[in-house]
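Reader: I've just opened this one. Can you walk me through it?

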Amino acid sequence: MKALIIYVCFRDRWRRGAAGIGYYVEKETSSAVSLIVFLTLFFANFVISWIATIFVMDGSLKNAQSRQDS
């Protein structure tokens, strides 16, 4: 349960960052470029948040694929 809460917090923070960056890019360039930037950051958000959650929970990324220790 703790990992889920940490994951949601990371994901929400990155989502807000992606929206802010997308908004800034839209003001500087065009809405098409902004959409590409936002979607790239939005989907990268899931991977980055999961890796950050594993790092916070374990302190390292040695067992990132949840393999059983022998």
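Reader: Where is Val33 placed?
Author: Val33 sits in helix α2. Helices (H or I, at least four residues) and strands (E, at least two) are DSSP runs, numbered from the N terminus. This is a predicted model, where local features need pLDDT of at least 70, side-chain atom pairs count only at pLDDT 80 or more, and totals for chains, interfaces and linings use all residues. Residues are numbered from 1 along each chain as its sequence is written, and side-chain values use heavy atoms, with hydrogens and water left out.

Reader: Is Val33 buried, exposed or partly exposed?
Author: Partly exposed, because the relative accessibility of Val33 is 36%. Buried means under 20% relative accessible area, exposed over 50%, partly exposed in between (1.4 Å probe, protein chains only).

Reader: And how far is Val33 from Gly22?
Author: Their C-alpha atoms are separated by 8.6 Å. Along the chain, Val33 and Gly22 are 11 residues apart.

Reader: What about Ser34, buried or exposed?
Author: Buried, because Ser34 has 6% relative accessibility. Ser34 is in helix α2, which covers residues 31-58.

Reader: Which residues does Ser34 touch?
Author: Leaving aside neighbours within four places in sequence, Ser34 is in contact with Gly22, Tyr23, Val25 and Glu26. Contact here means heavy atoms within 4.5 Å.

Reader: Let's zoom out. How many helices and strands are there?
Author: The protein has 2 helices and 0 strands.

Reader: At what angle do α1 and α2 pack?
Author: At about 155°, with the axes 8 Å apart. Axes are lines fitted to C-alpha atoms, for helices over the stretch in contact, and angles run from 0 to 180 degrees between N-to-C directions.

Reader: So what do we call that arrangement of α1 and α2?
Author: α1 and α2 are therefore roughly antiparallel to each other. Angles under 35 degrees count as roughly parallel, over 145 as roughly antiparallel, 65 to 115 as roughly perpendicular and the rest as oblique.

Reader: What kinds of residues make up the contact of α1 with α2?
Author: They divide into 21 nonpolar, 6 polar and 4 charged. Ala, Val, Leu, Ile, Met, Phe, Trp, Tyr, Cys and Pro count as nonpolar, Asp, Glu, Lys and Arg as charged, and the others, Gly among them, as polar.

Reader: New topic. How many salt bridges are there?
Author: The count comes to 2 salt bridges. A salt bridge is a side-chain nitrogen of Lys or Arg within 4 Å of a carboxyl oxygen of Asp or Glu.

Reader: Which side chain does Arg15 meet in a salt bridge?
Author: That of Asp12, at 2.4 Å, N to O. Arg15 and Asp12 are separated by about one helical turn, because they are 3 residues apart in helix α1 (residues 2-28). Arg15 is partly exposed at 38% relative accessibility, and Asp12 is partly exposed at 26%.

Reader: And Arg16, what is its salt bridge partner?
Author: Asp12, at 3.2 Å, N to O. Arg16 and Asp12 are 4 residues apart in helix α1, about one turn. Salt bridges that share partners join Asp12, Arg15 and Arg16 into one network.

Reader: Is Arg16 buried or exposed?
Author: Exposed, because the relative accessibility of Arg16 is 56%.

Reader: Last one. How far apart are Ile48 and Tyr7?
Author: They are 41 residues apart in sequence and 9.7 Å apart in space, C-alpha to C-alpha. Ile48 is in helix α2, and is partly exposed at 34%.
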